[in-house]
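Subject: Handover of a structural model

Dear colleague,

Please find below the structure that I am passing on to you. I would be grateful if you could read the notes after it alongside the coordinates.

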Amino acid sequence: MSSSPTFTLALVVALAGGAGAVLRALLIHHVGVRRDDPLLGILTGLSLYHGLGSHLLAVIGVGLCGGYTTWSTASWETIHLLYNGHRTEAFVYTVGGLAVCLGAAAGGIGLMALV
């Protein structure tokens, strides 16, 4: 029995997601620095305006970037701040992180619309 293209794509996205999660864990553990990139917005813009294939967008965007920037990790960090009594920081981290991510994605899409 051969695998369907949908199953194959889902498997590759899952593998990329695992790679992204491991990459994030290694970066946080060894560097301890986070930076927000408009990468997902750039990828979406490349798909919309420059012909980046939907399968490649799924693998890199959903898989790798999704695994790298997992919302569950951000949620855990917020809970950790709350547990340690840093309510204001937890609020700023959560709302600010969401705003930065949405802004970066919009910026990336906008950038790709210009080029």
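The notes below cover confidence, overall architecture and a few individual residues.

This is a predicted model, in which local features need pLDDT of at least 70 and side-chain atom pairs count only at pLDDT 80 or more, while totals for chains, interfaces and linings use all residues. Residues are numbered from 1 along each chain as its sequence is written, and side-chain values use heavy atoms, with hydrogens and water left out.

Confidence. The mean pLDDT (the predictor's confidence in each residue, from 0 to 100) is 79 for the chain, and 79% of the residues score at least 70. Helix α5 has the highest confidence, with a mean of 89, whereas α1 has the lowest, at 76. Where pLDDT is low, the predicted coordinates should not be read in detail.

Architecture. The chain contains five helices and zero strands; helices (H or I, at least four residues) and strands (E, at least two) are DSSP runs, numbered from the N terminus. Of its 115 residues, 20% count as buried, where buried means under 20% relative accessible area, exposed over 50%, and partly exposed in between (1.4 Å probe, protein chains only). Among contacts (heavy atoms within 4.5 Å) between residues at least 6 apart in sequence, 71% join residues at least 24 apart.

Surface. The chain exposes about 7800 Å², of which carbon and sulfur atoms supply 73%. Accessible areas come from the Shrake-Rupley method with a 1.4 Å probe; for residues, only the protein chains shown count as cover. Phe7, Leu11 and Leu15 make a nonpolar surface patch of about 330 Å². Leu11 belongs to helix α1, residues 5-30, and counts as partly exposed because its relative accessibility is 44%.

Helix α5. Ala90 lies in this helix, which spans residues 87-114, and is buried because its relative accessible area is 3%. Leaving aside neighbours within four places in sequence, Ala90 is in contact with Thr78, Leu81 and Leu82. The C-alpha atoms of Ala90 and Thr78 are separated by 5.1 Å, with the two residues 12 apart along the chain. Ala104 is also found in α5 and is buried, with a relative accessible area of 15%. Its C-alpha atom is separated by 9.0 Å from that of Ile42, 62 residues apart along the chain.

Yours sincerely

Definitions and conventions
Patches are made of residues with over 30% relative accessible area and no salt bridge: like charges are joined within 9 Å, nonpolar side chains (Val, Leu, Ile, Met, Phe, Trp, Tyr) within 5 Å. A salt bridge is a side-chain nitrogen of Lys or Arg within 4 Å of a carboxyl oxygen of Asp or Glu.
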